[in-house]
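Please keep the sequence and the three-dimensional view at hand while reading.

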Amino acid sequence: MRAFPLAALLLCGCVTQTTMTPAAVPTVAATVAATAETDPVDSVSDAADDPAIWRNAADPAKSLVIGTDKQVGIHVYSLAGKRLSFTPAARLNNVDIRTSGGRVIAAASDRAELATAHVALFVLDTAAARLVPLGRFPVGPGEAYGMCLWTRARDKALFGFVVLKDGRIDQVAIDLSAAAPKVTTVRSMKLASQAEGCVVDDRTGLLYVAEEDVGLWRFDAEPAAAPTATPIAKVDGKTLVADAEGVALAPSGRTGGYLVASSQGDNAYTLYRLPGATFAGRFRIGGGAIDGTSETDGIELALGNFGPDYPTGLFVAQDGDNAPDTQNFKFVSWSRIRRALKR
């Protein structure tokens, strides 16, 4: 089609101003400052990706943060951001943790084989602050991207959800009762396009997944449930700007609290009030002695006492542009976020 200057089109009546839709303007986001940041990862370019948090209930100041470097392996950090250990592992992307059978289990999506998705399992040695590999386990065809865990309330069974790059979501049962773990794919679900971030609410058995250019979806996490997705929030360019990336939970009571999503396209984070997932505000990380975050992939949020800097909870976000250093993770107090949003 031949292009004409806009002024000429308006004069000829071919186009009217009422048909021109203005670009969406993101809703104003409050700014909060990071309290700490991790040592930069060793790899250059796109490397740091997704965090997980272990809270030391006996000594909150000795809690640990896990973070993936999707080029070479996985790190364990102190609350001061100091790297305490590194475990080599090829192409790990997202990571999540749960306590099972008295051990802290970490599961990561493993992209080492692009044709076959794997789950990499580790035990977190909390005293030594290091990850001990338990093995890699095939899930199904495709490239592993997102990863989240669910402990079913009624029997403490452990499940994982592996989000494939094409939008398929494979649910696996993780059996740790024997010397060697057993990982079995029990169900598959599907979104129409690229997805990654996911989180499961252990209270309600609901799985939340971010489809990057579309929005947030909810599934029933029970393996026997229908694989039906319920839309809960759109990528609208205002409250959530593509890509929609990491997701995290701040549970309260039986069904309340907040769902948090990384609004990567405008370097912000969006809160939704549970259980209805209604929009509840937006924030950015910046404006302090530590540089802010941008182009965030993975996020994590854990509630509870983490010491005086994080009295009610810890929020961790990947920083996609930590120039002049390589990428890293930023730590923010959950109470500081809530004050900024008046929540």
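A polar contact is a pair of N or O atoms within 3.5 Å; within protein, one atom must be able to donate a hydrogen and the other to accept it, and residues adjacent in sequence count only if both atoms are side-chain atoms. The model described here is predicted.

**Asp155**

- Asp155 is located in the loop that connects strand E11 (144–151) with strand E12 (158–164).
- A polar atom of the Asp155 side chain lies 3.1 Å from the backbone nitrogen of Ala157.

**Asp49**

- Asp49 belongs to strand E3 (residues 48–54).
- With a relative accessible area of 1%, Asp49 is buried, since buried means under 20%.
- The side chains of Asp49 and Asn94 are joined by a polar contact of 2.8 Å.
- Beyond its neighbours within four places in sequence, Asp49 is in contact with several residues, including Thr68, Lys70, Glu196 and Phe329.

**The open sheet**

- Strands of a sheet pair through backbone hydrogen bonds, in either a parallel or an antiparallel manner.
- Four strands form an open sheet in the order E2-E25-E24-E23, and their pairing is antiparallel.
- Strand E2 (36–37) and strand E23 (299–303) each have a single partner strand and stand at the edges, so one side of each has no neighbour in the sheet.
- Strand E25 (residues 328–333) pairs with E2 over 2 bridges in the antiparallel sense; the bridge partner of Ala36 in E25 is Phe331.
- Helix H2 (residues 334–341) lies across E23, strand E24 (313–319) and E25, and runs at about 65 degrees to E25.

**The hairpins around strand E5**

- In strand E5 (residues 73–77), 5 of the 5 residues are buried.
- On one side of the chain order, strand E4 (residues 64–69) pairs with E5 in the antiparallel sense over 5 bridges, and a hairpin of 3 residues joins E4 to E5.
- Thr68 stands opposite Ile74 of E5; Thr68 is also among the residues in contact with Asp49.
- Strand E6 (residues 83–88) pairs with E5 over 5 bridges, again in the antiparallel sense, and Ser85 in E6 is the bridge partner of Val76.
- The hairpin of E5 and E6 has 5 residues between the strands, and Gly81 in this turn has a positive phi of about 90 degrees.

Terms used: Residues numbered from 1 in each chain as written. Predicted model: local features only at pLDDT ≥ 70, side-chain atom pairs only at ≥ 80, totals over all residues. Heavy atoms only, no water. Pairing = 2+ DSSP bridges. Contact = heavy atoms within 4.5 Å. Axes fitted to C-alpha atoms, helices over the stretch in contact; angles between N-to-C directions. Buried < 20%, exposed > 50% of the residue type's maximum accessible area, 1.4 Å probe, protein only.
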